[in-house]
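User: I'm new to this one. Could you walk me through it?

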Amino acid sequence: MITIVDPGVRTTVQDLGRAGTMAMAMPPAGALDQFANRIANALVGNGPKAATLETALTGLTLTTDTDCTVAVTGADVDVLVDGVTHPTWTALWLPAGSELRIGEIRGGAHSYIAFAGGIDVPVVMGSRATDLRSGVGGLGGRALRSKDMLRIGQRTRAVEEGRHLPMRLRPALSASEEIRVVLGVGAHRLNPESLRALTEREFRLAPDADRVSCSLVGETLEIAEPEDPEDTRRPDEVPLAFPLGAVTVTGGAPTCLLRDAVPGRGALAVGTVITPDLDLLAQVKAPDEVRFTAVDIDSALRLRTEHSDFVRTAIRAIA
Amino acid sequence: MTQAVATVEPQYFMLPGKARLSFGGDEFVVVQLREVIDPAVGFDVKAALQVQAIVAALASLDMDGIADVASTHTGYTIRVRPEDLDPRDLIPVLIAAHQKAIAGRGEFAPTFETSIIEIPVFYGDPVTEEVGARFRDRHPSPAESDLEFVARVNGFDTVGELVDAHSAHPFIVTFTGGVPGNAESLQLVPREMQLRVPRYLSPRTETPAGAVGHGGNTTTIAPADAPSDAQLLGRAPVPVVDFGNGLGTDGSPLLLPAPTVMKFTPIDASGFDEIAAACAAGTYEINRADIEFDLQAFAADRLAYARALVGELQ
């Protein structure tokens with residue numbers, strides 16, 4: 001059993017997320033940074049589907065009453081075991097009775113804490129991921145609170161303390177990220193100057209980001225006025241099952257829809273972040289800078305393949 | 001100052017019937033049959049039914065690599081596993097599906113399998129009336145109740161006539177948005193008979209679970225207590241979402257997935273209590289029938305076809 005002493009800013013149980021639930025307005029949920037989640041599991045000898053803890057920024061403190069192996073990946077944070085600093089992206093021994101704390105954060109936004117055996121919560125609709133919106137998955141469908149207790153599953157294989165992801169394969173966290181998007185959906189309904197501004201100007205993360213979306217501050221993006229001024233029809237009133245990573249325009253500001261977003265209306269989708277770059281988006285926080293670069297579908301699919309190859313290389317390189 | 005910037009324009013593919021296809025990153029394909037909407041007028045039933053026919057045609061192909069398909073009143077989104085299905089390869093498949101849904105005649109007439117479900121509704125129930133009364137400051141016409149307002153703007157003299165119009169002809173669910181179970185539906189009646197109403201000026205922070213609301217030209221049943229800007233008409237005693245036990249015929253959590261057809265039947269306070277108690281005890285038998293929805297037959301005579309669908313119920 002692990003016991004949450006302090007959940008910090010926001011801690012949830014997450015995994016790969018769900019597929020096949022979009023039609024029922026249930027979001028994919030799952031780890032915002034899928035690479036960090038995957039590597040955390042690999043470091044402690046878990047399979048890819050094991051559930052981890054995702055924590056935003058800093059402050060998570062927990063204790064364990066059994067010996068276990070853990071790894072913390074994602075953001076650049078101090079990992080403190082009974083007050084002693086340990087490295088991220090590394091398998092650590094957490095003896096029974098010890099306390100693990102996420103301390104100072106220097107870069108990034110989300111950390112993943114994997115326990116050998118995985119977090120043992122019931123599988124709902126094919127996943128253990130917390131869906132905060134529907135109130136299902138994880139522990140009671142909600143973010144963790146102090147005194148919450150979580151079971152750890154059966155460890156499948158023993159791993160050695162100190163196993164780590166080589167430095168060269170760790171993401172270079174930056175306060176200025178380039179995010180690649182495929183333009184489309186309602187992009188043609190933006191003013192041409194606004195469409196250009198989307199990919200040519202810099203935007204800053206607004207402080208209200210959560211697991212549903214992150215909004216950006218910068219040049220105001222305008223939806224083109226209808227040719228006929230009497231025309232009261234609007235493109236942002238059309239309901240849409242938003243793609244994961246959709247870049248939408250609401251009230252003139254671009255917003256990226258993340259893993260807890262569901263079909264809805266009231267926003268004009270103008271593009272979609274490519275899958276590998278969703279991990280980058282998970283690690284930016286206010287007031288970090290984001291620049292969008294447009295790529296076509298052919299490039300997006302090529303970048304996806306390259307990223308999959310990279311993930312495989314990284315898992316093989318864990319030593 | 002001139003700067004050499006490689007620009008990538010948004011890429012679109014037009015499908016039969018002027019539907020617009022584009023790629024949502026590397027995993028999603030987005031198709032829109034309608035791209036603009038007047039919230040005061042609402043959604044076009046014909047387009048919403050075409051979407052359902054196309055989505056059903058796609059599902060019947062049982063293609064490997066499709067992870068998810070979600071429809072709305074105006075279009076649909078497909079999520080693929082690109083390792084199993086290149087999203088670019090969907091274009092010819094969708095051209096064929098659209099061609100059939102739009103131009104289908106005779107033996108190629110578009111249809112989809114679904115079911116019709118009877119939903120009892122306590123119109124003007126005290127619980128939703130009380131909630132509505134507490135949020136008059138957000139209402140476009142605070143002096144009237146929601147039911148009075150909806151009746152008046154639709155030209156009915158009495159609330160009773162509105163209830164008759166709402167319950168006489170069935171609705172079809174064509175969008176689930178916001179939260180699981182929130183089944184947005186359109187009434188299967190001619191355009192001029194659609195009930196249309198402005199929404200609250202700003203959403204109520206409360207809506208009782210089971211509340212039947214109408215906004216624009218769509219009716220919804222609130223799956224759980226949540227904010228909503230729909231006009232409150234009454235309350236249904238049957239739960240529409242249950243992750244524990246499952247309400248759908250296939251064990252899915254939803255009672256009313258798209259494209260379920262719903263027939264509302266007015267009940268009174270004692271009827272409501274009786275059904276709510278039966279639902280809680282697990283003894284309530286939902287009145288449900290499997291149907292095949294035929295777009296061509298519906299287009300030929302909307303009211304006659306809607307009546308025939310209702311006739312399939314016990």
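**Core and chains**

Analyst: In the largest nonpolar core, which has 178 residues, Val70(A), Ala114(A) and Val270(A) touch the most other members. Such a core is a set of buried Ala, Val, Leu, Ile, Met, Phe, Trp, Tyr and Cys residues joined through C-beta atoms within 7 Å, and a residue is buried if 20 or more other C-beta atoms, placed from the backbone, lie within 10 Å of its own. Helix 1 (residues 45-61) of chain B gives this core its largest share, 9 residues; helices are DSSP runs of H or I with at least four residues, strands are E runs of at least two, and both are numbered from the N terminus.

User: How far can I trust the model, and how is it numbered?

Analyst: This is a predicted model, where local features need pLDDT of at least 70 and side-chain atom pairs count only at pLDDT 80 or more, while totals for chains, interfaces and linings use all residues. Residues are numbered from 1 along each chain as its sequence is written, with chains lettered from A and ligands numbered from 1 in the order in which they are written.

User: What about chain B, how many helices and strands does it have?

Analyst: Chain B has 8 helices and 13 strands. Its radius of gyration, taken over C-alpha atoms, is 21 Å, close to the 20 Å from the globule rule (2.2 Å times the number of residues to the power 0.38) for 314 residues, so chain B is as compact as a globular protein of that length.

User: And how much of chain B is buried?

Analyst: Buried residues make up 47% of the 314 residues in chain B.

Note on methods
A residue is buried if 20 or more other C-beta atoms lie within 10 Å of its own, exposed if 12 or fewer, and partly exposed in between; C-beta atoms are placed from the backbone.
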